[in-house]
Amino acid sequence: MPNSPSDRPAAPRRVTVQRKGPLLVEGPVEVELEDGSVVSSDRFRVALCTCRRSRRYPWCDTSHRDRA
């Protein structure tokens, strides 16, 4: 069947890189961790931790921010 939904490529996900912050990814997303486990979120945008300080890794909890 030509032009069926399965023939169309999926829309690309947008990833926003912030200099001193997390990666923002348009969701929903699945993230495969180093140990092979998979975590998922159905939110419209998620923040992925890049500093590894987050207590909720791989999700960002703003632990990267400088505290006053």
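Student: Where in the chain is the place of histidine 64?
Tutor: This is a predicted model, in which local features need pLDDT of at least 70, side-chain atom pairs count only at pLDDT 80 or more, and totals for chains, interfaces and linings use all residues. Helices (H or I, at least four residues) and strands (E, at least two) are DSSP runs numbered from the N terminus. Described with these labels, histidine 64 belongs to the segment after β5.

Student: Does histidine 64 count as buried or exposed?
Tutor: A residue is called buried under 20% relative accessible area, exposed over 50%, and partly exposed in between, using a 1.4 Å probe and protein chains only. Because histidine 64 has a relative accessibility of 18%, this residue counts as buried.

Student: Which residues is histidine 64 in contact with, leaving aside its neighbours within four places in sequence?
Tutor: Contact means that heavy atoms lie within 4.5 Å. With those neighbours left aside, the residues in contact with histidine 64 are Lys20, Gly21, Pro22, Cys51 and Arg53.

Student: How many Å separate the C-alpha atoms of proline 22 and threonine 50?
Tutor: Proline 22 sits in the loop between β1 (15-17) and β2, and its relative accessibility of 7% makes it buried. Leaving aside neighbours within four places in sequence, its contacts include Ala47, Leu48, Thr50 and His64. Although proline 22 and threonine 50 are 28 residues apart in sequence, their C-alpha atoms are separated in space by 5.6 Å.

Student: Which backbone nitrogen does the side chain of serine 41 reach?
Tutor: Serine 41 lies in strand β4 (residues 38-41) and is buried, with a relative accessible area of 15%. A polar contact is a pair of N or O atoms within 3.5 Å; within protein, one must be able to donate a hydrogen and the other to accept it, and residues adjacent in sequence count only if both atoms are side-chain atoms. At 3.3 Å, the side chain of serine 41 reaches the backbone nitrogen of arginine 43.

Student: Which strand gives the most to the lining of the largest pocket?
Tutor: On a 1 Å grid over the protein atoms alone, a pocket is an open set of points with protein on both sides within 12 Å along at least five of seven lines, and its lining residues have an atom within 4 Å of a point. The lining of the largest pocket includes Ser41, Arg43, Trp59 and Cys60. With three residues, the strand that gives the most to this lining is β5 (residues 45-48).

Student: What is the length of the polar contact that joins the side chains of tyrosine 57 and arginine 52?
Tutor: Tyrosine 57 lies in the segment after β5, and arginine 52 is found in the segment after β5 as well. The polar contact that joins their side chains has a length of 3.2 Å.

Student: What is the value of phi, in degrees, at arginine 52?
Tutor: Most residues other than glycine have a negative phi, and most peptide bonds are trans. Threonine 62, which is not a glycine, has a positive phi of about 70 degrees. Arginine 52, also a residue other than glycine, has a positive phi near 65 degrees.

Student: Which residue does a cis peptide bond join to proline 58?
Tutor: A cis peptide bond joins glycine 27 and proline 28, with omega at about 0 degrees, and proline 28 is in the loop between β2 (23-26) and β3 (29-32). Proline 58, for its part, is found in the segment after β5. With omega at about 15 degrees, a cis peptide bond joins proline 58 to tyrosine 57.

Student: What percentage of the residues of the chain count as buried?
Tutor: The chain has zero helices and five strands, so that its pattern, read along the sequence, is β-β-β-β-β. Of its 68 residues, the share that counts as buried is 26%.

Terms used. Residues numbered from 1 in each chain as written. Heavy atoms only, no water. 1 Å grid on protein atoms, 1.4 Å probe; cavity = no way out; pocket = protein on both sides within 12 Å on 5 of 7 lines; lining within 4 Å.
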